[in-house]
Amino acid sequence: MSRDFDRRLTALAEAVQVADGRLDREAVERAQAVTEKAGARLGLDMETTVVALAGPTGVGKSLLFNTLSGTDFATVGRRRPTTSEGQAAVWGEGGDSLLDWLDVGRRHHVADGALTGLLLLDLPDFDSVETAHRLEVDRVVELADLVVWVVEPQKYADASLHERYLRPLRTHGAAMAVVLNQADLLSQDDVAEWRNDVSRLLARDGLPDMPVLVLSARTGEGLDSLRRLLADRVAARTAAVARLDADVRAAATTLSERFGEGRPAGIQRADRERLVAAFEEAGGVPRVIRAVDEAHRHRGALATGWPFIRWLRRLKPDPLRRLRLPDRAQEGAPQPGRTSLPPPTEVQHAQVATASRGLADGAAGDLAAPWPTLVRNAATKNEERVADRLDRAVGGADLRVTRPRWWTVAGLLQRLLAAAAVVGALWLVVLGILSWLRVDDVIPTPEPGSVPVPTLLLVGGVLAGILLAFLARVANGIGARRRSGKAARSLRRKVEEAAQELVIDPVEQELEAHERLRRLLAEAGART
Amino acid sequence: MIPAMRPELSEAVGRLRDELSAVRLELEVPGAADARRTRNDLVAQADDYLLPRLSQMDAPVLMVVGGSTGAGKSTLVNSLVGSVVSPAGVLRPTTRAPVLVCHPDDLRWFDGDRILPHVPRETGGAAAPGTLRLVTHEALPAGLALLDAPDIDSVLAENRALANQLLTAADGWLFVTTALRYADAVPWEFLRAARDRGTAMSVVLNRVPADAEREVTSHMSEMMREQNLDADLLVVPEVALEDELIPREALAPVRRWLDGLAADAQARAELIRRTLTGALASLPARAGTVERAVADQLAAAAELRAEVDLAYAAARREVEDALRSGSLLRGEVLARWHDVVGTGDVMRALQSRIGTARDRLKSIITGKPGADEELRVAVEHRLEAVLRAAGERAAERVARAWQERVAGRALLEATPGLDRAGDRLRADTQEQVRAWQAFVMELVRREGEAKRTSARLASLGVNGAGLTVMLGVFASTGGLTGLELVVAGGTSALGQKVLEAIFGDQAVRELAAEARRELIDRADGILRADSARFDALIEGAATEAEGFARLHGAIDAVRRAS
């Protein structure tokens, strides 16, 4: 029992932590009060059992208190309400710390073997015109280990007892008992009928198993049964724990009513993809991919293009440099400054927001309030950070833009071919000048085959250069596509990380909190 | 004979009753529950007592015997009549169906729905709980009826409600309490309410033990004095019952009181008049508390409404900013735009024209949308994303703000899904964007006809011109940055040049301005429709200012008439 109770109490305390800020504030505060009260009570004298006599005015609580304690400490009277301040009788020594905690000023010590360890409280009424009495009763009923409700034939069916106390305490059947006092006013048959009616009302309150004792404090009839009940509870020394256990379970049940039904569906694949796509768009990923493609073509053209026109290319800026994106990035290397990518537009923000909310709604599944809202709030709480985080993700991505080795060869070849063409051209020019000067055949012109060498050099060099440039361009097109594909994959990984960090992780944490709270509440003994 | 009251009084009370029952007090502001209860009490009092009594002043006096459970109400009634007409017993609560005892000659006054129109009648032996059992008995003098009401404080909530209703309908109360109960809180609440309503009342202190008579009686008188309660205190000692009835001598004080009333028509008239005057006099004050509650509701409703307005105004600004900044133009829309009109880049334009022709052919063969249709879809998607995000954020903001207020919290809990944009937002947006596009096309066509430039318009096509105007809506305010400006400027420059050639520079600007105005109006309409969900909730819960004014007028009318 005690170990189970410890576990439940711990679970409730943890549940309070998790539920704070998530579930209804009032229910959480009540549960917290229960854990605090349990802590306080467990730290005090557990050898003593606190029993409170509570009931409407005029049912004979004070007389019962006097009779049980064998004293005349409590004032008994006709004028209603009689008792305005609680008082305590302690059987045996001790109980002082408890009395301080209970804040009861009037204390008496009684020596009685059988009931040693009993701390009996006589409470004021809760139904008279004196509202202060009711507040005092509310306070002490909350703290007592066992509450004995005393009623009499006129007052046993009052709403003030059943609706304000018994029904809300229907989980506390183990920590309460009902005494039907002044049975001497009724005939035998009426007493039996009365008792049945009380049991019926108690069952209606949700307390079918509560002990019901019939007695008369005036004649002393039936008092032994009450003494026996008290002696049993005092001897067992479990009343305090039983009471606190009922409190813990009730608090857990209240929390679990606020917890709501339903199961989360978890994050849906399609939602996650939509989110990543929105993130990519917002981060300018398509743009970067295009830049990678263009940069490769641009650099390829510079390296392998036809030398006579490729200088024109230099007039255009390098697409990647313009965005201030590095070709390669080391994992974990310090981030360079901001990229020159434009920040996400309102539309892109809106698309990210819509995708985040869609993901949250899908993940919440058929959870009842307040969870859909909580999950949503988790999904959108980092909205402000999206732009900056995306820029870092994109700027930090390894675009894996490499320079192919064949570019050097092709470049060299282009240069050779260009040189050949230039040589051919110069040769022809020299030949032309010589022929204009009518000094032919000073320099012999080799003619392997039928074409003269300078013509071959010029035409061949130009044609081969253009052909090579064309082939290189085709190859660079293929390379650009491959590289942009790689860059896309690498960017996607980075953007996924950002989406994970900003949206998916918070959502998953919220779902975990849900699951954890569900488990804790079940462990704390919530009845569902 | 009792003088009839003025007819305008009856009319004023009837009007007040209608206005009271019409006001809505559903916002959970502090005191709303009390105000609802007061309102219901007032309506019930008007139906059950004031209106019937005002119309028939000569009906018999109805004395309601009320009090706590176990106080001996039924036994007292039985003893006064001299036979068991209402069952008594040890089990609480005993009386579940109230019993009305009257002289046979008076039955006609009670068996119709003159008083208590909403309580079913029963004349047979056993009555179902909640019905009024009518019993005639010769022992009771004519002109006086006794009603044994259920208890006011037992566990049966329906008993309590019925008791309250019956006490409201009474010409006078015979309030029964006991030596054990006389200091209970619940009966005193009723006694105070009766005092405030001006109900004529006698208090029976029942079951007083002989040894406690002096102490208890003097304490009770003291309490009545303290509470300003002007009523007879009739003391019945605790005695053994004879055949379930209180012996004659013990009952003497009550019997004397009853006989005095029965013998004296003047006294009865006085009693009726006193209670009626008291009830009428208390009416404005009690209706005034309802009026104040209505005012509180109005204030709370205004606060809630202000939150809605604030959140949706922010959403409207968000949308407008997005429309103005040109951000709608970026990305996909721009790409689609290239497809439709081509770019400044000759090669690209060529490719694009070929592409467009190919697309057209494809769209004819496959039925897939052409490039301009795709552009429209792209614009639509963008607008929808902006509007939806704005709507969602606004709803969340309202929900958060409402959560901070008790009244708002109750509304949120009662209506799940309030913290997100309404279901209709999406469909509305699609519809409105389409309508806007049609509007722009129509605008361009009209403008074109007016200028008699259809030949040149044909070179661009109404669709192309319309799309150019649409993009002009987003682009002409500028706000584009860096490269975007170059690209967008270049692209729309071409289209815009053609347009300007067709319509003239000023006209194009006007076209774009008008199209933007129209779009913002439509976006406004969509958000308004979304925020209307909140307004409808508030409206359903709280009375509007008009109802408040009418209630105020009705209260004034009663005050003037009485």
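Predicted model: local features only at pLDDT ≥ 70, side-chain atom pairs only at ≥ 80, totals over all residues.
Chain A has a radius of gyration of 45 Å, while a compact globule of 528 residues would come in near 24 Å. Where chains A and B meet, 37 residues of chain A and 42 residues of chain B take part.

**Chain A overall**
- Chain A holds 18 helices and seven strands.
- Its C-alpha trace spans about 160 × 40 × 35 Å along the principal axes.
- As for burial, 46% of the 528 residues of chain A count as buried.
- Take the contacts in chain A between residues at least 6 apart in sequence: 80% of them join residues at least 24 apart.

**Where chain B touches chain A**
- To recap the head count, chain B puts 42 residues into the contact and chain A puts in 37.
- Five helices of chain B each supply at least two residues of the side that touches chain A: helix 6 (185-197), helix 7 (213-226), helix 9 (265-324), helix 12 (371-403) and helix 16 (482-503).
- Helix 12 of chain B has the largest share of that side, with six residues.
- By residue type, the side of chain B that touches chain A splits into 19 nonpolar, 13 charged and 10 polar residues.

**The nonpolar cores**
- The largest nonpolar core has 182 residues, and the members that touch the most others in it are B:Met63 and B:Val101.
- Helix 9 of chain B gives the most to this core, at 19 residues; helix 9 also turns up among the helices on the side of chain B that touches chain A.
- Setting aside residues up to four places away in sequence, B:Met63 touches B:Leu144, B:Ala145, B:Leu146 and B:Leu147, along with B:Ala170, B:Asp171, B:Gly172 and B:Leu174.
- There is also a second, separate core of 92 residues, with A:Leu68, A:Val90, A:Val198 and A:Leu230 among its members.

**A look at A:Gly206**
- You'll find A:Gly206 in the loop that runs between helix 7 (188-205) and strand 7 (212-214) of chain A.
- A:Gly206 counts as partly exposed because it has 14 C-beta neighbours inside 10 Å, and the partly exposed class lies between the cut-offs of 12 or fewer for exposed and 20 or more for buried.
- Apart from neighbours within four places in sequence, A:Gly206 is in contact with A:Arg167 and A:Arg170.
- A:Thr171 sits 35 residues away from A:Gly206 along the chain, yet their C-alpha atoms are separated by 8.0 Å.

Notes: Residues numbered from 1 in each chain as written. Chains lettered and ligands numbered in written order. Contact = placed C-beta atoms within 7 Å. Helix = DSSP H or I, 4+ residues; strand = E, 2+ residues; numbered from the N terminus. Nonpolar A, V, L, I, M, F, W, Y, C, P; charged D, E, K, R; others polar. Core = buried A, V, L, I, M, F, W, Y, C linked by C-beta atoms within 7 Å. Rg over C-alpha atoms; globule rule 2.2 N^0.38 Å.
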